[in-house]
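Visitor: I would like to learn how to read a protein model. Please take one feature at a time.

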Number of protein chains: 2
Amino acid sequence: MNAYVYGYGAPGKERLIVVDLGVAFPDMEGSPGVDLILPDLSWLVENRDRLEAVFITHAHEDHVGAVPHVLTRLNVPVHARAFTANIARRKLSDLGVPDDDLHVVSPWPETVQAGPFRVGFLPVSHSIPESAALIIDTPAGRVIHSGDFKIDTDPVVGEPFDAEAWAEVSKGGVKALICDSTNVFVPHAGRSESLLGPEIEKLIAGAPGMVAATTFASNVARLKTLALAADRAGRSVVLLGRAMRRMVEASLETGVLSGFPKVVSPEEAQEIPRGNLMVLATGSQGEGRAASAALSRGKYLGLELKEGDLFLFSSKTIPGNERCVIRIMNNFSERGVDVVDDSGGRYHVSGHANRPDLERLHDIVRPQIVVPMHGEHRHLREHAKLAEARGMQSVVAVNGTMVDLTGNAPVVAGHVETGRTYLDGSVQIGALDGIVRDRLRMAQNGHVLVTVILDEEDEPLGEPWCELKGLAGTGSSGADLAEVLETDLDQYLRRAGAKTLRDDDKLEEGLRQVVRQTAQAEIGKKPEVTVVISRLR
Amino acid sequence: MNAYVYGYGAPGKERLIVVDLGVAFPDMEGSPGVDLILPDLSWLVENRDRLEAVFITHAHEDHVGAVPHVLTRLNVPVHARAFTANIARRKLSDLGVPDDDLHVVSPWPETVQAGPFRVGFLPVSHSIPESAALIIDTPAGRVIHSGDFKIDTDPVVGEPFDAEAWAEVSKGGVKALICDSTNVFVPHAGRSESLLGPEIEKLIAGAPGMVAATTFASNVARLKTLALAADRAGRSVVLLGRAMRRMVEASLETGVLSGFPKVVSPEEAQEIPRGNLMVLATGSQGEGRAASAALSRGKYLGLELKEGDLFLFSSKTIPGNERCVIRIMNNFSERGVDVVDDSGGRYHVSGHANRPDLERLHDIVRPQIVVPMHGEHRHLREHAKLAEARGMQSVVAVNGTMVDLTGNAPVVAGHVETGRTYLDGSVQIGALDGIVRDRLRMAQNGHVLVTVILDEEDEPLGEPWCELKGLAGTGSSGADLAEVLETDLDQYLRRAGAKTLRDDDKLEEGLRQVVRQTAQAEIGKKPEVTVVISRLR
């Protein structure tokens with residue numbers, strides 16, 4: 001979830017630009033029921049009058065995904081290259097947000113002036129078309145924001161890494177390189193996308209039945225590699241999943257993709273022999289609603305994988321998604337489908353620069369300062385150590401850190417409150433509002449609801465009533481748990497003094513304690529308790 | 001979660017033995033709030049009169065963990081080797097279950113007669129002391145149950161893999177080998193535990209500050225390897241975490257461990273220079289309550305890792321635990337601690353036989369039939385394909401499959417209802433009882449409680465009352481969500497006819513619909529709803 005702010009000016013009066021506005025994805029463990037995780041932009045919104053523009057480096061969700069959700073609050077121009085803007089426009093349109101603020105920028109040497117900043121988009125190779133580094137000129141010198149990148153001189157789709165262009169933009173001296181750190185722990189040099197085609201062709205050539213493959217929908221180069229391999233093996237290509245069709249559409253519209261074989265629809269595919277088909281499906285991370293998961297469960301849009309068919313994960317599993325991916329593998333195994341993944345290193349390459357590639361970029365740019373970005377703390381720390389060991393200044397800037405880059409070494413100049421907000425249904429809620437905490441507690445502990453009615457004299461009317469949710473119906477006594485609770489609550493009410501019965505807070509707390517104690521004795525759990533006291537007076 | 005049943009006799013009247021009774025561990029995604037996952041033993045309990053005995057191959061949780069929870073219901077003798085029995089006895093004692101049924105068996109050639117079965121424990125190397133394969137003689141021939149194993153001729157602790165002993169037990173002909181499948185996809189031969197010592201010594205030798213390492217507590221050989229490396233580097237060893245102290249205790253009590261350096265207590269450690277300390281900590285899978293996680297958060301029992309210290313994961317991360325492990329790595333990174341893991345393949349070896357090792361065991365035993373066990377479906381399927389390709393009969397036996405092994409080839413003879421039960425607090429609940437489903441729904445959708453009171457004439461008394469849990473307090477209208485819901489519910493009640501007001505089910509359903517529709521409009525979510533209707537008549 002990326003959102004970087006650059007500022008120039010007197011302290012507290014800096015003019016600002018934002019680079020990237022991404023989202024992250026929720027999980028059951030930390031954010032159940034949440035739809036999207038957005039950066040908390042309160043500070044930016046408060047300082048909106050100082051904000052000049054937003055620049056988006058590329059169209060991955062963790063860089064562009066928040067734009068449609070926050071644009072109306074920021075109300076500034078957004079600049080991006082054509083493909084990125086195309087994707088952003090589709091997102092805005094999905095949510096009915098006008099796209100008047102969205103501007104397409106041609107690659108470097110074209111630049112955009114935004115307050116004291118002049119910003120250009122230098123093409124870099126990555127795992128999505130038209131990724132760009134930003135060349136940010138300020139009165140204090142040039143800063144380069146690498147964006148997500150890899151060093152690939154033959155990336156199949158999109159511009160190759162152009163060492164000469166990088167040398168050219170660096171030759172006047174670069175104050176600071178703000179640099180991708182994702183793969184700093186990978187010791188070998190990165191491999192080119194173009195190496196995968198022959199391996200994938202070999203794999204497909206030996207497959208007797210239907211072949212299906214998944215990868216990130218946005219990895220248009222991989223889609224092309226897979227589709228060309230299919231084409232060479234005499235297979236027609238079917239695209240399954242909205243994200244994939246959308247990415248191919250955007251690529252064709254913006255001209256970044258050419259030479260992609262003709263695709264057939266799922267309906268047309270049913271008239272084609274199984275051995276002449278290749279399905280490209282969304283859901284490489286095991287997403288339950290994507291096409292790969294659907295195929296693993298059975299027939300999907302008339303297509304079905306069977307004994308002897310082949311399914312290829314042309315992808316890496318992002319940490320945390322292992323169980324979902326493995327579930328799909330086992331589903332396919334139960335259907336007799338052979339599953340191949342990248343464990344042998346033949347069917348996927350990373351979109352990020354490995355350690356030697358980072359060293360190479362440092363050497364080309366030779367910045368005074370390297371500020372590691374895009375990674376967990378351990379990646380940033382390792383990248384900073386690497387830069388320092390090679391004679392550059394560096395700093396680990398965690399979320400919210402404001403770094404002064406104007407001197408010879410980076411200086412931490414302050415901290416800004418940052419965090420996450422959750423898109424939950426149609427509303428944004430704070431990650432620390434307690435709403436999600438309550439959900440997690442109900443999921444962990446179950447929930448007991450108690451209702452009590454008191455008459456005009458504050459005397460209990462009838463017996464208390466319990467409803468359980470997410471709890472065992474019977475415990476150690478063998479009796480119905482709700483009834484055991486009601487009996488104990490009734491006893492409590494009968495013994496409660498008038499003072500307690502008149503005091504909602506006291507009474508509620510007393511009833512809650514009874515429920516928790518009785519439940520602990522009966523089922524060994526202390527549930528969440530909601531007490532409703534109705535008074536007829 | 002292992003539980004295998006072998007039977008011999010006329011169909012439906014077979015005498016039975018059980019091999020292993022293990023547990024699995026819950027997660028937030030599928031089983032929130034659950035304490036342990038146990039095999040559903042309903043079928044075994046129903047057929048208890050046919051059950052002769054239980055045999056436990058080794059002391060890992062997924063093989064022995066269920067014993068204390070189900071033993072009283074099965075009420076049969078449990079046989080295990082000394083170390084395994086020692087661990088099982090501690091578990092029984094924790095739960096106050098008598099251990100009279102627990103019997104220690106010496107290794108092969110000692111055997112135990114159990115109905116028509118004669119069973120012996122053949123030592124195998126694995127990642128815990130005294131693992132055993134079971135040599136099961138029946139009137140229909142010999143069956144070998146491999147247990148979890150690896151081929152290691154120098155396993156540091158415990159018996160080496162003894163190819164001669166395996167050849168000896170196999171020479172009369174083996175009907176079926178029921179065989180570990182965990183690492184069937186790993187293409188290279190397994191490596192010996194003894195290779196790790198020199199690598200770990202090298203790592204520690206270069207460390208200036210405190211060193212801490214984690215591994216599975218039950219991997220006593222690894223604990224010894226780590227402790228000896230510490231000792232050679234002049235470091236005193238501290239054991240942190242109950243499971244680790246317990247395993248070392250059990251190993252010393254049963255004599256499986258010798259030559260372990262003297263350990264110091266955390267209190268004593270505080271008098272020793274940091275550079276002369278080595279901490280061995282529980283929690284290699286990132287468990288939040290274990291010692292590694294505690295150390296990553298700060299001071300723990302007086303010990304604290306700091307800038308320049310070293311933390312070693314001498315372990316593999318089990319799929320699904322990545323996020324927790326990564327969290328600990330980043331916590332340490334924030335404290336300036338260098339984290340080393342096994343990504344380079346130097347500080348951990350697997351406890352399971354890789355593909356070439358499986359082939360080697362097949363070759364030594366040359367069974368008629370190979371029944372793959374201990375793996376996901378994809379592992380079982382691959383292992384069956386491997387066996388068949390090498391001229392043996394095989395079958396993929398998923399949970400509940402009853403396989404007839406008396407013929408020349410395995411025949412699926414039936415299916416038994418199997419599944420999982422959850423230990424939830426102090427009670428066992430069915431995985432499909434709906435209890436956990438309700439928890440997941442509350443976590444996903446939040447919860448609204450509605451209370452309505454109707455008077456003696458079935459007319460609403462006052463207004464309905466709503467309590468929200470796990471939901472945003474305000475939605476699109478900007479008004480308090482509970483109030484908006486109450487207004488809409490009140491309107492519904494006012495318009496409801498007498499027939500609806502007299503009918504609890506109808507009224508409840510109507511109120512539920514109102515809540516879901518209004519919530520959808522306000523916050524874009526359809527919450528779980530509990531309606532309580534109180535009638536004063």
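**Reading the model**

Guide: B:Pro109 lies in the loop between strand 6 (102-104) and strand 7 (111-114) of chain B; helices (H or I, at least four residues) and strands (E, at least two) are DSSP runs, numbered from the N terminus. This is a predicted model, in which local features need pLDDT of at least 70 and side-chain atom pairs count only at pLDDT 80 or more, while totals for chains, interfaces and linings use all residues. Residues are numbered from 1 along each chain as its sequence is written, chains are lettered from A and ligands numbered from 1 in the order in which they are written, and side-chain values use heavy atoms, with hydrogens and water left out.

Visitor: What kind of peptide bond joins B:Trp108 and B:Pro109?

Guide: Most peptide bonds are trans. The bond joining B:Trp108 and B:Pro109 is cis, with omega about 20°. In chain A, the peptide bond from A:Trp108 to A:Pro109 is cis as well, with omega near 20°.

Visitor: What follows helix 12 of chain B?

Guide: B:Arg366 follows helix 12 of chain B. B:Arg366 is not a glycine either, and has a positive phi of about 45°. Its place is the loop between helix 12 and strand 18 of chain B, and its relative accessible area of 43% makes B:Arg366 partly exposed.

Visitor: Which residues of helix 12 of chain B are buried?

Guide: In helix 12 (residues 355-365) of chain B, the buried residues are B:Asp357, B:Leu358, B:Leu361, B:His362, B:Ile364 and B:Val365. They cover an arc of only 165° around the axis, so they lie on the same side of helix 12 of chain B; the arc is that of the directions from the helix axis to the C-beta atoms. The buried residues pack against strand 10 (141-145), helix 5 (163-170), strand 11 (176-180), strand 18 (369-373) and helix 13 (377-389) of chain B.

Visitor: How are the strands of a sheet read?

Guide: Strands of a sheet pair through backbone hydrogen bonds, either parallel or antiparallel. Here two strands count as paired if DSSP finds at least two bridges between them. In chain A, five strands form an open sheet in the order 1-2-4-5-6, with mixed pairing. Its edge strands are strand 1 (4-8) and strand 6 (102-104) of chain A, each pairing on one side only. Strand 5 (residues 78-80) of chain A runs parallel to strand 6 of chain A, joined by three bridges, and A:Val78 stands opposite A:Leu102 in strand 6 of chain A.

Visitor: Which strands of chain A form the three-stranded sheet?

Guide: That open sheet has the order 25-24-26 in chain A, again with mixed pairing. Its edge strands are strand 25 (465-469) and strand 26 (528-535) of chain A. Strand 24 (residues 447-454) of chain A pairs with strand 26 of chain A in the parallel sense over eight bridges. A:Val448 stands opposite A:Val529 in strand 26 of chain A.

Visitor: How are the two chains compared?

Guide: Two copies of a chain are related by a rotation about an axis and a shift along it.

Visitor: What is B:Asn330 in contact with?

Guide: Contact means heavy atoms within 4.5 Å. Leaving aside neighbours within four places in sequence, B:Asn330 is in contact with A:Glu376, A:His377 and A:Arg378. B:Asn330 belongs to helix 11 (residues 322-334) of chain B and counts as buried, at 11% relative accessibility.

Methods
Buried means under 20% relative accessible area, exposed over 50%, partly exposed in between (1.4 Å probe, protein chains only).
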